[in-house]
Amino acid sequence: MNKLYAPWRADYTVEVDGKDHKTPKNTCVFCQNFSESWDEHHFILRRFEHVTVMLNLYPYNAGHLLILPLDHKADLNTLSRDARIELMEVTNHSIEIVKKTLHCHGVNVGLNLGKAAGAGIPSHLHMHVLPRFNGDTNFLPTLAQTKVVSFDLRALFEKLKPEFNIITL
């Protein structure tokens, strides 16, 4: 088996002081975005009763969405039953929207619960809906630590927004 030595990933896999860092609600970037009324600026596609859907500002691919509870919660079991149901319903609609609108060849969907699982902001859970396209992986991220972003986030927002506006739950 070939192995790739990647020391630049150490910050993501090793805790500096051994503590599980918690981001309080008042400093959570998601909660700050939700507290403002500037959805277009924050790429918030739609707010629902319990969750919201927004474009990921640091996407792996065009159309990388985040579906988040409006409540600052780290674990699924701390969400209300209604919020968990809405999270899955909005995720389901989001998958269909990216397939229809972006004509992707596949979709990755998932939660990263906890820092060890890869959560960048572990204190506010969020579902990823990640459109995938044949040939969307290559050697640049591995060898050159470079990801080619070949789309405009604003144009993508404008393309997806009307689709989210017509969702009925």
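1. **Basis.** This is a predicted model, in which local features need pLDDT of at least 70, side-chain atom pairs count only at pLDDT 80 or more, and totals for chains, interfaces and linings use all residues. Residues are numbered from 1 along each chain as its sequence is written, and side-chain values use heavy atoms, with hydrogens and water left out.

2. **Elements.** The protein chain has five helices and five strands. Helices (H or I, at least four residues) and strands (E, at least two) are DSSP runs, numbered from the N terminus. Read from the N terminus, their order is α-α-β-β-β-α-β-β-α-α.

3. Two strands pair if DSSP finds at least two bridges between them. Axes here are lines fitted to C-alpha atoms, for helices over the stretch in contact, and angles run from 0 to 180 degrees between N-to-C directions.

4. Strand 4 and strand 5 (residues 127–132) run antiparallel and are joined by six bridges. Glycine 110 has histidine 128 in strand 5 as its bridge partner.

5. Helix 3 and helix 5 pack at an angle of about 125°, and their axes are 10 Å apart. That makes helix 3 oblique to helix 5. Angles under 35 degrees count as roughly parallel, over 145 as roughly antiparallel, 65 to 115 as roughly perpendicular and the rest as oblique.

6. **Who meets whom.** Ser94, Ile97, Lys100, Thr101 and Leu102 of helix 3 meet Leu156, Lys159, Leu160, Glu163 and Phe164 of helix 5. These residues divide into five nonpolar, two polar and three charged. Ala, Val, Leu, Ile, Met, Phe, Trp, Tyr, Cys and Pro count as nonpolar, Asp, Glu, Lys and Arg as charged, and the others, Gly among them, as polar.

7. **The whole chain.** Of 169 residues, 35% count as buried (under 20% relative accessible area, 1.4 Å probe, protein chains only). Among contacts (heavy atoms within 4.5 Å) with a separation of 6 or more, 65% come from residues 24 or more positions apart.

Definitions and conventions. Buried means under 20% relative accessible area, exposed over 50%, partly exposed in between (1.4 Å probe, protein chains only).
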